[in-house]
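We will go from stop to stop, and at each one you select something and look.

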Amino acid sequence: MSSPYSGQTPNHAGGVGPGYAAAQHVGGQHGLPPTSVIPTAPAYPAPGPQTAPPAVPQQHGHLTGAGDLTPELLNTSVWSDQMVAAAGIPIVDIPFVTIGGGIGSFVTVDYLRIAGVPTQNIRILSNIDKPWQTYEYLTRVSQIPRSERIRSDSASRPDNIWGFPSYAMEETIKDKSLKAAWQVLVEPMFADFYTPRAGMVFENLEREAKRIRWWEMLVKGQVRMVRRRHGGGYFTILTPPDGASQTKRIAYRSQYVHVGIGYPGLKFLPELQEFRTRHQDFHHVVNAYEDHEHVYTFLKSRPGTVLIRGGGIVASRVLQRLMDDREKFGLQTQIVHLFRTYVSGPHGKNAWLRRPGSNGFAYQGFNYPKSVWGGQLKAKIRKLEGAERAQAYKDMGGTNTPWRRRWQAQMNAGREANWYHTLEGTAEDVTIGADGRTVSRVKFANGQVNEIAADFIIDCTGLEADVREHRLLADLMDHSNVGRNPLGRLDVERTFELKGTANGEGRVYASGSPTLGGYFPGVDTFLGLQVAAQEIADDLARRGFAKRIGPGRSISQWLKWARNQQI
């Protein structure tokens, strides 16, 4: 059947949350809390109390100020103990502080606890209750509930630094079925890559969090800034919850700081952000990382058209949700999929750097080729600097998604029945039509311009990655000599120490997406966060803060992990 959208690429058969609407929009960004991409209020209760959380510190010494940041502190890059005391801010001494409290903080603390660092030497400063809370929120709203599978390797276990037993082995034992084990054995030639269910990941993270006594180390609040201290080390300024402290701020004085805050927030495509700002319409134009269940609810009540923007893993998940609902409930939903770059076949600069593609998508099992986590690419990029490193990232980067049999069959059926339409082009403007629907003016690859009406637009182009959009990171760059790496993110050493932040014996480390572009690719993946945590733990062991995890300690600690023995 012919498509109603002129200028489309021919169809070829075969092969972020509640409260966002009230946030201010600055420079195309959607405002988010400083250390998390979800609201500070938990969506569900925290796990039952293992032990009492760290008490709000008592004030140290004679404090004369109001307990808040002063102009002198704000404008000074290196603070003395006297300056902080004069402001009336209580000081808490703790050797190691991690900021964020998400999975990046979790795997780092997990390594340190396994390396023998006691809980009283670690504090986790966070505005979330559970380390998987942000990640679960993002997976849920991007159509990966607990019952669905995430994009992660079987051995990439943030709850298990050894990766054994793998998720597939655990699923085989729990389900008393060889299906998962067989899938790992024959992937990817005869089966899709095995990936774990989201629920299994979260359950295992909770188990390990209890085992390492996470909640004994957790301190709730918003981290405002990290500043160097006269004499070495750092002050980390925390704003505790209302009523939790006699002062507005608390200063954590430490020798080591780890920054694990993840993405700064959401970013919309310019024309979509302009539409939302101009019309104050957060209903018809949504980001896939926002809670947008109302879209699917509406489509169950009447026929409608959805315009999807983007071609990565999130776009494929949203697309599958729409197609699943259409099939399950007998809906008449029309889906229009707009690609800025349409991939029609295998692509890459040479035979060794080539990935398959078709029907608009570039296909790859995981975020990066597997060798970035421990093979040739990892070794190669550790040696590259400047433009050469940036080019290496460009060669292996790009938006991609796994090839999965089920939704390939669904897309083929949609093309055949003319309810799924793929387009290649650029949207130049979005307005409201006479019937109240969104109207996108699109310039197609062949030069034609056409208007596409849709009940909803779902932006699946991803999260904002500019590190200066995060207040804490911007402050570090302004006051601690932190620079940018070849991709514009935070510049780190091979040990994940933030370059320019060393202060006496003190060190600041960073891991996760803000460090993408450094000497190790894949930093914003489960295994990548674990590689970074291992580098940090090894560096701290060299400095005498932690024990080295050698063969003997590794075996004994794995046996404790296997018995779920608390440490």
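Select Phe 496, in the loop between α15 (471–479) and β25 (507–510). Helices (H or I, at least four residues) and strands (E, at least two) are DSSP runs, numbered from the N terminus. Phe 496 is not a glycine, yet its phi is positive, about 70 degrees. Phe 496 is buried, with a relative accessible area of 4%. Buried means under 20% relative accessible area, exposed over 50%, partly exposed in between (1.4 Å probe, protein chains only).

This is a predicted model: local features need pLDDT of at least 70, side-chain atom pairs count only at pLDDT 80 or more, and totals for chains, interfaces and linings use all residues. Residues are numbered from 1 along each chain as its sequence is written, and side-chain values use heavy atoms, with hydrogens and water left out.

Next, select Asn 359. It sits in the loop between β18 (357–358) and β19 (361–362). Is Asn 359 buried or exposed? Asn 359 is buried, at 2% relative accessible area.

Now for two prolines. Phe 164 and Pro 165 are joined by a cis peptide bond, with omega about -5 degrees. Pro 165 belongs to the loop between α4 (133–141) and α5 (167–175). Another cis peptide bond links Glu 187 to Pro 188, with omega about -10 degrees. Find Pro 188 in the loop between α6 (179–186) and α7 (198–211).

Show the strands next. An open, mixed sheet of 7 strands runs in the order β13-β23-β14-β15-β20-β21-β22. Which strands stand at the edges? They are β13 (285–287) and β22 (449–454), each with a single partner strand, so one side of each has no neighbour in the sheet. Two strands pair if DSSP finds at least two bridges between them. Select β20 (residues 420–432) and β21 (residues 438–444): they pair in the antiparallel sense over 7 bridges. Thr 426 stands opposite Lys 443 in β21.

Move to helix α10 (residues 293–301). Val 295, Tyr 296 and Leu 299 are buried there. They lie on the same side of α10, because they cover an arc of only 90 degrees around the axis (taken from the directions from the helix axis to the C-beta atoms). Their cover includes β13, β14, α11 and β23, where contact means heavy atoms within 4.5 Å.

Last stop: select α11 and α14. Among the residues of α11 that meet α14 are Ser 316 and Leu 319. On the α14 side, the residues include Arg 406 and Trp 407.
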